[in-house]
Amino acid sequence: MRRPCFGRFGANFGGIDYMSDIVVDGQTIAYDRIDAVPPWRPPEAAIVFIHGVGADRDIWCDWLPHLVAHFPLIRLDLPGHGQSAPWNPVQPLEFGFYARLVEKVAEREQVPTLILIGESMGGTIALYTASVFPGLVRAIVTCSTAHRGGMLRHVDAWRDLIRLEGQNVWSRDMLEKRFTPDAIPTEVRAWFHNVQSRADAGTILDMAELLVGSDLSEHARTVDVPVLLLQPDHSPFIPNEIPVELEGLLADGCLSVIADARHGIASSHADRCARQAAVFLHQQHLMAEPP
C-alpha cells in the first residue's frame with residue numbers, strides 16, 4: 001500500500017511523494033520516493049539513498065533540498081530499521097541480498113539507472129551493488145565507508161554491549177562514536193538515539209558479523225563508475241588508511257577528507273556533504289545545472 005510521506009521534518013516537496021513496501025528474498029522492506037523534478041528537466045538517473053547500521057531513511061532529510069529538483073529520490077529502510085521488518089535469520093545475511101534489494105526497487109520504480117548514496121555500511125552496499133549490477137549504477141557517493149571489515153574497530157564489542165547492557169547503552173555509545181559533543185543539535189541527537197534504540201538488535205548483530213568478515217577489495221576493483229568518497233578524519237571505526245586504500249582500488253575514485261569529524265558526517269556535516277555530492281554529480285554531467 002502506498003501512503004503519503006512527509007518526512008521527519010514535515011517536508012513535502014510537492015512532487016509524487018509516497019511510501020511503499022517491497023518483498024525481496026522473503027524480506028519486507030519499506031522505502032519512499034520523492035519526485036519533484038520539473039517536467040522540462042528530465043533526470044539522468046534516480047538517486048537511491050542507503051543508510052548504515054542503526055539509522056533509517058530520515059538520516060538523509062537534510063540532503064534532500066540540494067538534490068530534489070534534479071533527481072527522483074528513493075530512500076530505503078534496511079531490514080531491522082525504520083519501518084522495515086527485522087532480518088529473517090533463516091538465511092545468512094549477505095551483501096548479495098542488499099544488491100538485489102536495490103535492483104528490485106529500481107525495477108519496480110521503473111528507473112533504469114541509479115546514483116547510489118550510502119553512509120557507512122550503506123556505502124559498502126553501494127560499491128557491492130555497482131560491482132554486480134554494472135549497467136545499473138552511474139555514480140556513487142559514500143560517507144564513512146570501508147571495503148574491508150577486518151580492520152574495523154569496536155564492532156566486535158557490539159554483541160556483548162547489546163546483550164549485557166541493552167540497546168539504549170549501545171545507542172549512547174554509538175552516539176559518542178558518531179559525533180563530537182557539539183556536532184549536531186540536541187533534537188537531532190535525541191532523534192538518532194530513538195532510532196538506534198528501536199532498531200532490531202538481531203539484525204544489527206548480523207550486519208556487524210557481515211561487516212567484520214567482509215573483504216570487498218576485488219569487488220572494488222571492478223567498479224568502473226565515478227565514486228566520491230567522503231571520509232571523516234577521526235572515525236572511531238575506520239582507520240584512515242582504509243579510504244586511501246579504497247580510493248586506489250577504484251577505477252575512478254576521489255577521496256575528500258572532512259577534518260575534525262567523527263563517523264556520522266552524513267548527519268553532522270549533511271549540508272557540506274550534500275553540496276560536495278551535488279558538485280561531483282554536476283562534474284559527472286549528471287546534473288544539468290551547476291549546484
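Helix 4 is followed by G166, a residue whose phi is positive, near 100°. The model described here is predicted. Within helix 4, which spans residues 158-165, the buried residues are W158, L161 and I162. They cover an arc of only 90° around the axis, and therefore lie on the same side of helix 4. The protein chain as a whole contains eleven helices and nine strands.

- An α-helix has 3.6 residues a turn, so residues three or four places apart point the same way.
- The exposed residues R163 and L164 are carried on the face of helix 4 that is turned away from its buried side.
- The cover over the buried residues of helix 4 includes helix 5 (167-178) and helix 7 (201-212).

**Overall form of the chain**

- The protein chain has a radius of gyration of 17 Å, close to the 19 Å that the globule rule gives for 291 residues, so the chain is as compact as a globular protein of that length.
- Taken along the principal axes, the box filled by the C-alpha atoms of the protein chain is roughly 55 × 45 × 40 Å.
- Buried residues make up 58% of the 291 residues of the protein chain.
- Among contacts in the protein chain with a separation of 6 or more, 75% are between residues 24 or more positions apart.

**Surface and charge**

- The protein chain exposes about 11,800 Å², of which carbon and sulfur atoms supply 52%.
- The side chains of the protein chain include 24 positive and 36 negative ones, and the centres of these two sets lie 3 Å apart.

- Most residues other than glycine have a negative phi.
- Q110 has a positive phi, near 60°, and is a residue other than glycine.
- Q110 is placed in the loop between helix 2 (95-108) and strand 6 (114-119).
- With a relative accessible area of 70%, Q110 is exposed, because this value is over the 50% cut-off.
- S120 is not a glycine, yet its phi is positive, at about 55°.
- The loop that holds S120 runs between strand 6 and helix 3 (121-132).
- S120 has a relative accessible area of 16% and is therefore buried, the cut-off being under 20%.

**C143 in strand 7**

- C143 belongs to strand 7, which covers residues 137-143.
- The relative accessible area of C143 is 0%, and C143 is thus buried.
- Not counting residues up to four places away in sequence, C143 touches W63, G118, E119, S120, L230, I265, A266 and C273.
- From C-alpha to C-alpha, C143 and F71 are 19 Å apart in space, and they are 72 residues apart in sequence.

**S256 in strand 9**

- S256 is found in strand 9, which comprises residues 253-258.
- S256 counts as buried, at 15% relative accessibility.
- Leaving aside neighbours within four places in sequence, the contacts of S256 are with L228, L229, L230, Q231 and Q276.
- L230 is listed among the contacts of S256 and also among those of C143.

**H66 in helix 1**

- H66 has its place in helix 1, residues 64-67.
- The relative accessible area of H66 is 18%, and H66 is buried.
- H66 touches D271, A274 and R275, with residues up to four places away in sequence not counted.
- H66 and I117 are 51 residues apart along the chain, and their C-alpha atoms are separated by 13 Å.

**D200 between helices 6 and 7**

- D200 lies in the loop that connects helix 6 (186-198) and helix 7.
- At 25% relative accessibility, D200 counts as partly exposed, because this value falls between the 20% and 50% cut-offs.
- D200 touches G80, P86 and Q167, residues up to four places away in sequence not being counted.
- D200 and G54 are 146 residues apart in sequence, while their C-alpha to C-alpha distance in space is 8.5 Å.

Definitions and conventions:
Residues are numbered from 1 along each chain as its sequence is written. This is a predicted model: local features need pLDDT of at least 70, side-chain atom pairs count only at pLDDT 80 or more; totals for chains, interfaces and linings use all residues. Side-chain values use heavy atoms; hydrogens and water are left out. Buried means under 20% relative accessible area, exposed over 50%, partly exposed in between (1.4 Å probe, protein chains only). Helices (H or I, at least four residues) and strands (E, at least two) are DSSP runs, numbered from the N terminus. The arc is that of the directions from the helix axis to the C-beta atoms. Contact means heavy atoms within 4.5 Å. The radius of gyration is taken over C-alpha atoms; the globule rule is 2.2 Å times the number of residues to the power 0.38. Accessible areas come from the Shrake-Rupley method with a 1.4 Å probe; for residues, only the protein chains shown count as cover. Lys and Arg count as positive and Asp and Glu as negative; His and the chain ends are not counted. The place of a charge is taken as NZ of Lys, CZ of Arg, CG of Asp or CD of Glu.
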